Every structure is written in structure tokens, then in C-alpha cells.
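Have the model open while you read.

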Amino acid sequence: MKKFLALLLVAVMMLTMLAACGKKDEKKGDSDLKVGFIFLHDENSTYDKNFMDAAKAACEEMGVEYVQKTQITESNDCYDAAVELIESDGCDLIFADSFGHESFLMKAAKEYEDVEFCHATGTQAHTAGLDNFHNAFASIYEGRYLAGVAAGMKLNEMIENEEIKPEEAKMGYVGAFTFAEVISGYTSFYLGAKSVCESVTMDVKFTGSWYDETKEKEAANALIEGGCVLISQHADSMGAPTACENAGVPNVSYNGSTVKACPETFIVSSRIDWTPYFKYIIKCVLDDKAIDTDWTGTLETGSVALTDVNTDVAAEGTVEKLEEVKADLMAGKINVFDTANFTVGGETLDSYMADVDTDADFEKDTEVIEDGVFYESKHRSGPYFDLEIDGITLLDRNYGE
């Protein structure tokens, strides 16, 4: 009898272990999803590192495996990388982070209909007619506006301390290309500064590259030599922040804090936090639900973020002012592109047709001003604000790579 009971106990224990293993396998089955990430550069690019950090955080939190490919140019290399992630690595969900990746990622999406493809900053998903191809971006113009407020407060402090005269409150901006994404960014930054420093103007120089540390440093130095007393950027290296630190010129960076490298000049940085989007698309695939064709993150979703303010450099009261303006943005009390706050050729606009449904001829196809507001992000996630407003001077132009 004792022997029988012992055998029975062993059998029960084995069944319990098998049941536990079954549950473990079932849970593991929920996380069998593998996500592939395609990055234009590596972690030395502030732009790509921002994506990399979000990818790691989201995948670890969601319990899924991920594979990343770096230094993937905006060429057929993107298509090849996507195919390798699918064929060799077994990825079911692919994400690419650069504007120029889009057409090559779409090529892969057409061939692999059972794989989901998501792309940042793109413009074609809403017209492509592909169920497995998706665009995403965020209302980063709100983050840029907030960063501009911090810049404007610094200019006011410089004026009050008699370091500059009001008419010398000129900012410089280092941009990559004359694309709507860059125009939207530098315009919202300028409007944020102008909301607190009325006399501000801004010069913009373009590098013709998303990442070129030498060109970005040279552009920043040229702007400083041209009388710009504060610099910001939409380019991805440490070129501009380093130039500012060397020259002792206040800097508002992008995609992450540069306070460790530039403690004497860094004020604040705005960025898109891609973690909410990555978690969203992973959950959609796990739950077998459709991913939005065009997804826009906001301040409310936690997708638009600011770094901590460097209070050693920022003007007194900046932290409190940013919280106040952020609350007003979220409440709809402030609209970044309120047409009452800017002019084009001396005129206030009440109508504007933008190129939303992107085509080869860049045809203006969609009315985007309603009730005195240019509504960025309403008609697609990718930016389409391309107005050249008064107060901003483009020192050169670069429309393509």
C-alpha cells in the first residue's frame, strides 16, 4: 500500500510538472513574436539611439524577442535588410526608422503579405492600399514649441542681463533637409520662442544630411559667427551641441540630453518617445488586431517628451513655465500653428492647400487651415507644414540628398 501511495504521489507530481510546463509553453507561445528593427545609423546618432532605447524598453516589457540592423542606408539595402529579418531571423513585425526607407520597405510589404511593416515619418501608407504597411509619427511640433519657450526665456534673461539687445535676439537652427518635417520642427521651435520673446528672429542652415558631424558643427559655427546667440537643430550628431559648448553659446538639442557632454550650454531637448508606439504595434500583432494605417502619438500618449531642464543654464522659472504651457497645449488652449501668431509675406493666412497625398508632382491637394489654425497631423501622421513664415531666414536650401 505504501509503495502504491508513493507511486501515486510521484505520478501526481509528474502531472503537476507537466501541467506547469504546459502553462509555461503557452505563455512562451504568447511571446513567440519576433520584431525586426532597421536603423539608418547606430547608437552614435542621437536620432537612432532614441529609437533603439525605445525598442529595447518596449520589447523587454512586452516579453518579445527583437533583432536590430544598423547602418542601413536609404536604398535597396533597406529591402534586403527586411528580407533577411524575415527569412533568416524569423521576424513577424518589421520597423524602419528613416524617411528614405519608406519605398524600399513598401517593396518588401508587397511581397510578404503575412508580415506587418511599420515605418516612422513616412507619408504613403494612407494612400498605398496595403493592409500590412503602416506609418507613424508624433505631434513633436508641440515638443519643439515647448523647447522654443525655454529658448525664448533664455533670450529674455540675456536681454535683462544686458548681454544682448532685444534686436540681437537671433537664434540659429541647423537643419538636415528642406523637408516638411524639418520645416515644421524649426517653425514650431521659433513660434515657441516668439511666444515669450517678441523680438526673436532665426537663421537656418541646412547640411544636406541627416547625420554629418563635421557639417553640423560647421553650420553651427557659421550661425554663431553670423550673430546667432542660441542654437538648436534638426540633425542627428553632436556637431552643433559641441560647437555651442566650445563657443559658450546656449543650445537646445534634439532627441536626448547632451548635458553630460555640454554642461555649460545645454538647456533642454525635445524628443519623440517611441516606446508607446512599439508597445502598441506589438500588442496588436499578439492580439491579432489591425494596426492603424497612420498613427500619431501625442503629449497625452507620452509620445512627445522633454528631457530634464538643465537649471544651471536655463533661465529661472523655465521648469514652471514649461509645465504651464504643456498643460495649455494638452487642454487645447494653445495651438502651435495658430495663424494669428505668424505671417507669410506680411499676410495672415486663412486658407492653405498642402501636399498631404504625396505624389511625384508634389501637388497641393488638401485644405489644412480650419478656424484660424493650420492643423498639422490631422490628415496624416507625417508632417506637411511647409510654409516659410516671416521672422525666419533660410541662409541656404537643400531639398534632397
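## The sheet and a pocket

Strand β8 (residues 230-234) runs parallel to strand β9 (residues 251-254), and two bridges join them. Strands here are DSSP E runs of at least two residues, helices are H or I runs of at least four, both numbered from the N terminus; two strands pair if DSSP finds at least two bridges between them.

This is a predicted model, with local features needing pLDDT of at least 70 and side-chain atom pairs counting only at pLDDT 80 or more, while totals for chains, interfaces and linings use all residues. Residues are numbered from 1 along each chain as its sequence is written, and side-chain values use heavy atoms, leaving out hydrogens and water.

Both strands sit in an open, mixed sheet of seven, ordered β12-β10-β9-β8-β6-β7-β17. Its edge strands each pair on one side only:

| Edge strand | Residues |
|---|---|
| β12 | residues 304-306 |
| β17 | residues 392-394 |

Helix α8 (residues 213-225) lies across β6 (170-175), β7 (201-206) and β8, at about 165° to β6. That angle is between N-to-C directions of axes fitted to C-alpha atoms, on a scale from 0 to 180 degrees, with the helix axis fitted over the stretch in contact (heavy atoms within 4.5 Å).

Now for the lining of the second largest pocket: helix α2 (residues 46-62) gives the largest share, four residues. The lining divides into one nonpolar, eight polar and four charged residues, where Asp, Glu, Lys and Arg count as charged, Ala, Val, Leu, Ile, Met, Phe, Trp, Tyr, Cys and Pro as nonpolar, and the others, Gly among them, as polar.
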